Amino acid sequence: CLVSGQLTREDMDLFIFTAKKDEKFVINVTSNRLGAPADPDVEILKANGDVVINAQDIGDNIGQLRFTSNGRDVNHLFTAPANGDFIVRLEHLFRQAQGGPHYIYQLEIQRDAEPDFRVICSPPDEIRIDSHVLYQGGRERLDILIFRMSGHNESITVEARNLPPGVSADPIVIGKDVKWGTLVVTAAPDAAIGHSEIQVVATSEIKGKKSSRKARGGVIVWD
């Protein structure tokens, strides 16, 4: 399910869902990524009010300074400890002093979400962020960032496609649970001068089947 709401001062929103023992749910709260100033605080409780877990902020900063991926929003993989009803309690961390109609959020609860992954190709240059420059006889690295979703932990093969003549790149394998890698592109000394739009494609196994995802370019532009 997907619901939208706002966190006013002294406000607290409660949502109930039913689960069977060992069922998995992805609890995703988007607020900061929508431009809202809220800092969502999420607790999952039993029907009697006992706290099962306090879901933490997204703390995985895969891209470090060049592509910061951590934030105040929440993405939590919850495994039901028993049959029964569970309560999601959602509030702004500083609700005693802050809140309002601009403190918006979206809450999504997915039952048995299929493992998946997304790929970002980030330039190593913090100034020339719009393209990769490769000189004749030279080499250039592409930073590959892996966003693993819903428990995905399989190895991932990354390769560059549609490379121009004289340019090559050996595929790389990003191991299980690893979220970062480097793809090296090499130009021959006599490679033709020009430009080309390449594709970076990642392939991994999801539930016993090979699945591929095209990498997206990813940069952060600071004001």
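What follows is a talk about labels and the cut-offs behind them.

Mentor: Quick ground rules: this is a predicted model, where local features need pLDDT of at least 70, side-chain atom pairs count only at pLDDT 80 or more, and totals for chains, interfaces and linings use all residues. Residues are numbered from 1 along each chain as its sequence is written, and side-chain values use heavy atoms, with hydrogens and water left out.

Trainee: How many helices and strands does the protein have?
Mentor: Zero helices and 17 strands.

Trainee: Why is Phe-17 called buried?
Mentor: Because its relative accessible area is 9%, and buried means under 20%, exposed over 50%, partly exposed in between (1.4 Å probe, protein chains only). Phe-25 is buried as well, at 2%.

Trainee: Why is the pair of Phe-17 and Phe-25 called tilted?
Mentor: Rings of Phe, Tyr and Trp (its six-membered ring) pair if their centres lie within 6.5 Å; planes under 30 degrees apart are stacked, over 60 edge-to-face, and the rest tilted. Phe-17 and Phe-25 have 4.9 Å between centres and 50° between planes, hence tilted.

Trainee: And what type is the pair of Phe-17 and Phe-78?
Mentor: Edge-to-face: the centres are 6.2 Å apart and the planes make 90°. Phe-17 lies in strand 2 and Phe-78 in strand 6 (residues 74–79), so the pair ties together parts 61 residues apart in sequence. Phe-17 and Phe-78 are both buried. By the ring rule there are four aromatic pairs, and Phe-17, Phe-25, Phe-78 and Phe-86 form one aromatic cluster.

Trainee: How do you know that the charge of Arg-213 sits over the ring of Phe-117?
Mentor: The charged end is 5.5 Å from the ring centre. The rule wants NZ of Lys or CZ of Arg within 6 Å of the centre and within 35 degrees of the ring normal.

Trainee: Which value makes Lys-207 exposed?
Mentor: Its relative accessibility of 63%. Lys-207 is in the loop between strand 15 (199–206) and strand 16 (209–214), and its phi is positive, near 55°, though it is a residue other than glycine.

Trainee: Where does Ser-150 lie?
Mentor: In the loop between strand 10 (139–149) and strand 11 (156–161). Ser-150 is not a glycine either, yet its phi is positive, about 55°.

Trainee: How much of the protein is buried?
Mentor: Buried residues make up 35% of the 223. The C-alpha atoms fill a box of roughly 70 × 45 × 20 Å along the principal axes.

Methods: Helix = DSSP H or I, 4+ residues; strand = E, 2+ residues; numbered from the N terminus.
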